[in-house]
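Q: I would like to learn how to read the secondary structure, sheets and core of a model from its computed features. Could we go through them one after another?

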Amino acid sequence: MALLDVNDLAVSFVTRNGVNKAVDGISFTVESGKITAIIGESGSGKSVACYSMLGLVPMPPGRIDGGTAVFEGTDLLQQSESQLRRIRGRDVAMIFQDPMTCLNPFMTVGKQLMEPLLIHKDVSRDEARQRALELMDEVGIRDPQLTIDNYPHQFSGGMRQRVMIAMALINEPKLLIADEPTTALDVTIQAQILQLIANLQKKRDIGVIFISHDLAVVADIADQIVVMQEGRIVEAGDRAGIFENAQHPYTQKLLAAIPSDSKTPMPEEPEALITVDNLCTWFGDGNKGEIVKAVDDVSFEIRRGEVLGLVGESGSGKSTIGRSILRLVPVTSGRVEFDGIDVTGLEGNALKNMRKRMQMIFQDPFASLNPRMTVYDTLAEPILLHGLADKKTIGQAVLKLMDDVGLARAFVRKYPHEFSGGQRQRIAIGRALATRPEFVVADEPVSALDVTIQSQILDLMQELGREYGLTMLFVSHDLAVVRHLADRILVLHKGELVEQGTGDSLFENPQQEYTRQLLSAIPGRSLLA
Amino acid sequence: MVTDTITDIAEAEKGTSLWQDAWLRLRKNRLALVGLFMLLAFIVIAILTPWIAPYSYEAQNLDLGASPPSAEHWLGTDVFGRDVLTQIMYGGRVSLAVGFLATSVALIIGVTWGAIAGYVGGRVDAVMMRLVDMLYALPFMIFIVLLMVVFGRNILLLFLAIGAVEWLTMARIMRGQVQSLRQQEFVEAAISLGLSPSTIIRRHLIPNALGPIIVYTTLTIPSVMLLEAFLSFLGLGIQPPQTSWGLLISYGAETMEEYPWLLIFPGMALTLTLFSLNFLGDGLRDALDVRGSKD
């Protein structure tokens, strides 16, 4: 018998604008010792489905419309709050996306690990501490004796997620629900955590529900895959069936959105547009007097018309390089030459004119647009500032820009919050192109977006890149995306340049150990072959 | 995708402003409109008082003494037989003027100061904010007395003095807002477009910091009115026979057991003003928050 048998579960939210069916009659099972992955984009109802079973969806506005969720013979949907409380954290445990916000910053890790044990089981504090130490060891935290009394901020992101996993496992749950547990982590850490979850689950023979927006992430670990769209299950099956023989067009679209090709490099090698010489960007660390060498002695060139990929993990300095070139952070030393002009020394009007020629597309389209400016205001501002249109022609210029980035003209008076993430990123791209720049830095422009939207935005950027004759520095942690888009790739590690080459040469014949590590960590690399 | 119609273009060319949109939204908020119209009514009455007041504010009728509301004196008279309605109308001139002018002074100085300190940061910020701290530490009364001694007593100076004190908190709020806003990517985007710092502050930072500022402003106006009453009570503000709501209330409070109407009616005038301000303030905050729009 299945560990968890969900049948025809339906959950809706009652809002001012009517009833929103978040989960519309879904059925799936989870077996002991197996991983069931639920895949879907934001708003597909994948999290709501799991949270509602545990009574974690606030009601109202939430409402369970029907169905059953039988866990070991009891229907979770029929349990009272106090009964559910006994199940949560003991028989069913959860791991969340962001380990930093889920750990209490004022409690030591040890205390937080012991808490569920002390609540649910009749054990002494010493026994609980002993158990916590064992689990920390099991999830791969080094020297648990030394670190158990540390606070969460003293751990790295990956280590914090290990703490979360230890906390979830401490009561020997039978079912583990992991909600995007690796989305906030670097790619190499992500690979480690995925491996850890898979190992622990086999060893302990527990059932796992793995919620993710990314098919590639679960490609190596899932036994069963459930694909959700708009509250319904569109396709379900075992891993091989989904990856090799997807039936539903939506699943096929998700699979197609995983970039697997390599861009053919430009035939000839044009002259350099930007030359970066011995660039150093250091940050003083406040009062401590410590210096963080975010970018340390990096030299490279960007050729006219090419897309240069810049990959690295968080803290590698990849974003800082882009911002240094654009003069958004002060450069410590070195030269950045743009078309023969040293950018680092520019001031006043010369700097303003240079800014017209180089622009930036930011990662988070929810933060990079002024929430109080309409699309019109946002797009008109740079055009008017640089005198590219006057009062009479500005309306036409804005509409032309909207056409270019694929936004309907009717949206011209709307505010950013009225758009989806993908549409917002289109606005942000439009703003960056408004000054008709020659060079654009794109800093993780798609990592905040859903997978299918990602490929649309990437296509748009490629198309506009050709149309506008852009040179682009494409900064990303996602090697597959960079390979798909970039003519050449630079690999960055701890502020230093590790390796550079074309996509194919880097993927097939990496020279450096670090590059090899990065490549082996790409989720679903079997799909890239 | 492309819907190229003439209305679209006309729409686009019209341009938009945050304030136009805010006004459209404010118009839908009935409570805020009531507040706005009551305030406007008070202001119009205050301006027209010398022509429409039923009595002269100096006119005494010692024979009458303190009398309750009647047909001749709608809101009664005080111990000197002066008409209370007339006093409230004249008092409103002073109170509203102090309230709005001193708050505007505070608003302009505070928002500018705080925005610059928060945006520029570093040493400039440190110096600017230490200056604010120093002024905070300065005993307010001594400051006012000094001003009065040096420049002599006059109402305009009173506005300035109160405004000069109230802007300190405004500057701190604004600085905090700007500091958190300037971390956001849209400010970085504005820098990379080549906008000047003053444009960034004006177009991108201040509109996004308006919510707390408006709420604090609606709180400042009443506190300024009460401050004026306190100063007048100490003999530092306006002097009888000139009057203000604050003064009327403090005199009324002394005799509230015998002549309650001397407290109730000036009190009502102040309370109604405060209500209107709060309704309008809440409405403005919602109207300026584009995310809160219900459509």
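This is a predicted model: local features need pLDDT of at least 70, side-chain atom pairs count only at pLDDT 80 or more; totals for chains, interfaces and linings use all residues.

Q: Which residue in the turn between strand 4 and strand 5 of chain A has a positive phi?
A: That residue is Glu72(A), with a positive phi of about 50°, in a hairpin that has two residues between its strands. Strand 4 and strand 5 (residues 74-75) of chain A pair in the antiparallel sense over two bridges, and Phe71(A) stands opposite Thr74(A) of strand 5. Strand 4 (residues 62-71) is also joined to strand 1 (residues 4-15) of chain A, antiparallel and through eight bridges, with Val11(A) placed opposite Ile64(A).

Q: In what order do the six strands of the open sheet in chain A lie?
A: The order is 16-17-18-13-19-20, and the pairing is mixed. At the edges are strand 16 (358-361) and strand 20 (496-502) of chain A, each of which pairs on one side only. When direction is ignored, neighbouring strands of this sheet are turned against each other by 20° on average. At one end of the order, strand 19 (residues 488-493) runs antiparallel to strand 20 of chain A and is joined to it by six bridges, among which Arg488(A) has Thr502(A) as its bridge partner.

Q: Which residues of helix 11 of chain A are buried, and which are exposed on the other side?
A: For burial one counts neighbours: a residue is buried if 20 or more other C-beta atoms lie within 10 Å of its own, and exposed if there are 12 or fewer. In helix 11 (residues 249-256) of chain A, the buried residues are Thr251(A), Leu254(A) and Leu255(A). Because they cover an arc of only 100° around the axis, they are on the same side of helix 11 of chain A, whereas Pro249(A) and Gln252(A) are exposed on the other side.

Q: Which residues have the most contacts inside the largest nonpolar core?
A: They are Ile39(A), Ala166(A) and Phe474(A), in a core of 225 residues. The largest share of this core, 16 residues, comes from helix 4 (residues 84-120) of chain B. If residues up to four places away in sequence are left out, the residues that Phe474(A) touches include Val307(A), Leu310(A), Ala442(A) and Val482(A).

Q: What radius of gyration does chain A have, and what would a compact globule have?
A: Chain A has 25 Å, which agrees with the value near 24 Å that a compact globule of 529 residues would have. Along the principal axes, the C-alpha atoms of chain A fill a box of roughly 70 × 55 × 45 Å, and 47% of the residues in chain A are buried. Chain A comprises 20 helices and 20 strands.

Notes. Residues are numbered from 1 along each chain as its sequence is written. Chains are lettered from A and ligands numbered from 1 in the order in which they are written. Helices (H or I, at least four residues) and strands (E, at least two) are DSSP runs, numbered from the N terminus. The radius of gyration is taken over C-alpha atoms; the globule rule is 2.2 Å times the number of residues to the power 0.38. Two strands pair if DSSP finds at least two bridges between them. Axes are lines fitted to C-alpha atoms, for helices over the stretch in contact, and angles run from 0 to 180 degrees between N-to-C directions. The arc is that of the directions from the helix axis to the C-beta atoms. A nonpolar core is a set of buried Ala, Val, Leu, Ile, Met, Phe, Trp, Tyr and Cys residues joined through C-beta atoms within 7 Å. Two residues are in contact if their C-beta atoms, placed from the backbone, lie within 7 Å.
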